[in-house]
Amino acid sequence: MTRVTRPEVRFAGTADGRHAVVVGGGLAGITAALALADAGVRVTLLEGRPRLGGLAFSFRRDGLTVDNGQHVYLRCCTAYRWFLDRIGGAELAPLQNRLDVPVVDVRRPEGRRLGRLRRDPLPVPLHLSRSLATYPHLTLADRARAIRAALALQRLDLADPALDTQDFAGWLAAHGQSPRAVEALWDLVGTATLNARAADASLALAAMVFKTGLLSEPGAADIGWARVPLGELHDRLARKALDSAGVRTEVRTRVTSVSADGNGGWSVRVPGETLDADAVVLAVPQRETHDLLPAGALDAPERLLDIGTAPIVNVHVVYDRTVLARPFLAALGTPVQWVFDRTEASGLTRGQYLALSQSVAYDDIDAPVAALRERYLPELHRLLPRTRDARVEDFFVTRERTATFAPAPGVGRLRPGARTKAPGLYLAGAWTATGWPATMESAVRSGVGAADAALRALGRPRPRHLFAIEEAA
């Protein structure tokens with residue numbers, strides 16, 4: 001066993017030879033590593049997979065570059081936007097100029113199926129008033145009640161712990177929202193952002209999504225997404241930024257234990273090597289964190305195992321011709337939820353490549369590909385008439401069984417903060433107590449929070465350009 005100790009020689013860019021090990025190369029871990037390195041700390045980043053990016057990654061298939069799933073962000077995702085700037089990828093994942101979501105209801109007659117959720121250049125809440133007033137998928141009465149419910153949401157205090165004990169559906173029903181309004185408005189947005197239906201979602205997290213995304217600033221909900229493969233951002237550009245910051249990055253390196261060394265530091269073991277560190281950030285999923293935590297690091301570590309998980313399935317279809325004229329759309333009256341055009345990003349030069357993003361995919365997560373093909377191709381025929389004359393060139397499925405933590409009522413008390421009771425050991429991950437649901441934004445915020453806590457303990461000033469922690473939950 002090789003033991004790597006703290007070097008006597010100071011590394012370039014470091015002020016005092018302090019060394020931090022970050023376990024996990026998803027967005028949380030990358031963020032923590034960059035923040036620590038930018039503050040002059042020598043950093044080693046360890047990732048068990050062969051690439052960085054966590055669950056937001058790409059792979060090659062038959063000449064195409066495929067994202068494992070469709071990921072979007074909003075203008076209000078200030079931490080993720082900072083992350084894109086930090087790695088030099090902002091221009092590759094631009095935002096809409098103005099929120100505009102086409103919503104197609106296949107139960108309506110053709111020619112009358114399309115509605116839009118979009119904003120006007122007016123102050124909150126007037127920026128959405130015209131869109132709601134003309135939204136064809138709700139009755140006039142439902143539209144009026146939806147506006148009243150939105151104003152009631154705006155008045156909720158997100159710091160009130162009682163919100164986390166309630167489910168969103170119950171609150172919506174108490175505020176006059178019909179099942180149709182829940183389906184065509186609240187779940188349309190909430191399912192994609194929370195990975196849960198209203199009945200299974202914490203009111204605290206749902207209120208956070210709608211207050212921050214739709215009711216904080218006029219442009220808060222403008223949508224951004226990568227126009228390149230996710231691997232270009234979260235692996236190649238992230239690794240380039242890490243290299244430039246002086247971070248030692250090791251992939252295919254799984255940590256087997258983390259333990260205090262008895263001298264105020266930490267020992268991190270990987271096959272064939274032990275790394276000594278002054279600080280350790282665990283930026284891995286909650287169950288893996290539970291397994292690596294030393295005794296006494298959390299008062300109730302078993303709570304990590306009580307944080308549920310929720311699956312996401314992505315259905316990928318390549319057609320021999322263009323069947324969708326928009327970059328994306330949302331759907332009602334069909335199992336299909338959101339459809340995205342991934343043709344250009346994948347490198348496809350003929351035909352069109354669509355990705356169907358299916359949240360809360362409990363019914364699909366174990367279904368054979370043939371069964372999913374039988375289910376979703378006819379639904380695409382209903383949703384997109386041009387598919388009826390098109391030939392399917394390829395059909396495949398990607399699945400993430402534990403894509404996100406489940407935002408169920410009561411989850412807030414289970415999510416730990418960045419600090420543990422073990423000095424020098426910190427936690428990061430979208431599942432930690434960021435105040436956000438399991439999003440790329442939450443992951444980046446958690447990485448900033450863990451780095452900030454570590455830097456304070458190490459006596460190192462935070463980098464001036466680091467995302468302002470006062471904006472984080």
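Which residues does Val 101 touch, not counting residues up to four places away in sequence? The first legend gives the answer, and the remaining legends turn to other parts of this predicted model.

View 1. Leaving aside residues up to four places away in sequence, Val 101 touches Gly 115, Arg 116, Leu 117, Ile 223, Phe 328, Ala 330 and Trp 338. The relative accessible area of Val 101 is 5%, so the residue is classed as buried, the limit for this class being under 20%. Arg 382 lies 281 residues from Val 101 in sequence, and the C-alpha atoms of the two residues are 19 Å apart in space.

**View 2. Helix H4 and the helices against which its buried residues pack.** Helix H4 comprises the 16 residues 140-155. At 1.5 Å a residue, H4 should span 22 Å, and the separation of 24 Å between its end C-alpha atoms agrees with this expectation. Buried positions in H4 are Asp 142, Arg 143, Ala 146, Ala 149, Ala 150, Ala 152 and Leu 153. The partners of these buried residues are helix H3 (129-134), helix H5 (168-174), helix H6 (179-194) and helix H7 (203-214).

**View 3. Aromatic cluster that includes Phe 168 and Trp 186.** Across the whole structure, a search finds 11 aromatic pairs. One of these joins Phe 168 and Trp 171: the ring centres are 6.4 Å apart and the planes meet at 20°, so the pair is stacked, since planes under 30 degrees apart fall into that class. Phe 168 and Trp 171 are three residues apart in helix H5 and are therefore separated by about one helical turn. Both members of the pair are buried: Phe 168 has a relative accessibility of 2%, and Trp 171 has a relative accessible area of 8%. Phe 168 also forms an edge-to-face pair with Trp 186, with 6.1 Å centre to centre and 90° between the planes. Because Phe 168 lies in helix H5 and Trp 186 in helix H6, this pair ties together parts that are 18 residues apart in sequence. Trp 186 is likewise buried, at a relative accessible area of 4%. Ring pairs link Phe 168, Trp 171 and Trp 186 with Phe 210 into a cluster.

**View 4. Arginine side chains over aromatic rings.** The ring of Phe 396 has the charged end of Arg 61 over it, at 4.1 Å from the ring centre.

**View 5. The largest cavity and its lining.** The count of cavities of 30 Å³ or more comes to one. The largest cavity has a volume of about 70 Å³. Its lining consists of Thr 65, Val 66, Asp 67, Gly 69, Gln 70, Pro 229, His 316, Arg 342, Ala 345, Ser 346, Tyr 353 and Ala 355. At least two lining residues come from each of strand S5 (64-67), helix H11 (343-346) and strand S18 (352-359). S5 gives the most, with three residues.

Methods: Residues are numbered from 1 along each chain as its sequence is written. This is a predicted model: local features need pLDDT of at least 70, side-chain atom pairs count only at pLDDT 80 or more; totals for chains, interfaces and linings use all residues. Side-chain values use heavy atoms; hydrogens and water are left out. Helices (H or I, at least four residues) and strands (E, at least two) are DSSP runs, numbered from the N terminus. The expected span of a helix is 1.5 Å times one less than its number of residues. Buried means under 20% relative accessible area, exposed over 50%, partly exposed in between (1.4 Å probe, protein chains only). Contact means heavy atoms within 4.5 Å. Rings of Phe, Tyr and Trp (its six-membered ring) pair if their centres lie within 6.5 Å; planes under 30 degrees apart count as stacked, over 60 as edge-to-face and the rest as tilted. A charge sits over a ring if NZ of Lys or CZ of Arg is within 6 Å of the ring centre and within 35 degrees of the ring normal. On a 1 Å grid over the protein atoms alone, a cavity is a set of points where a 1.4 Å probe fits but cannot get out, and a pocket is an open set with protein on both sides within 12 Å along at least five of seven lines; lining residues have an atom within 4 Å of a point. Grid points are joined across faces, edges and corners, and a volume is the space filled by probe spheres set on the points.
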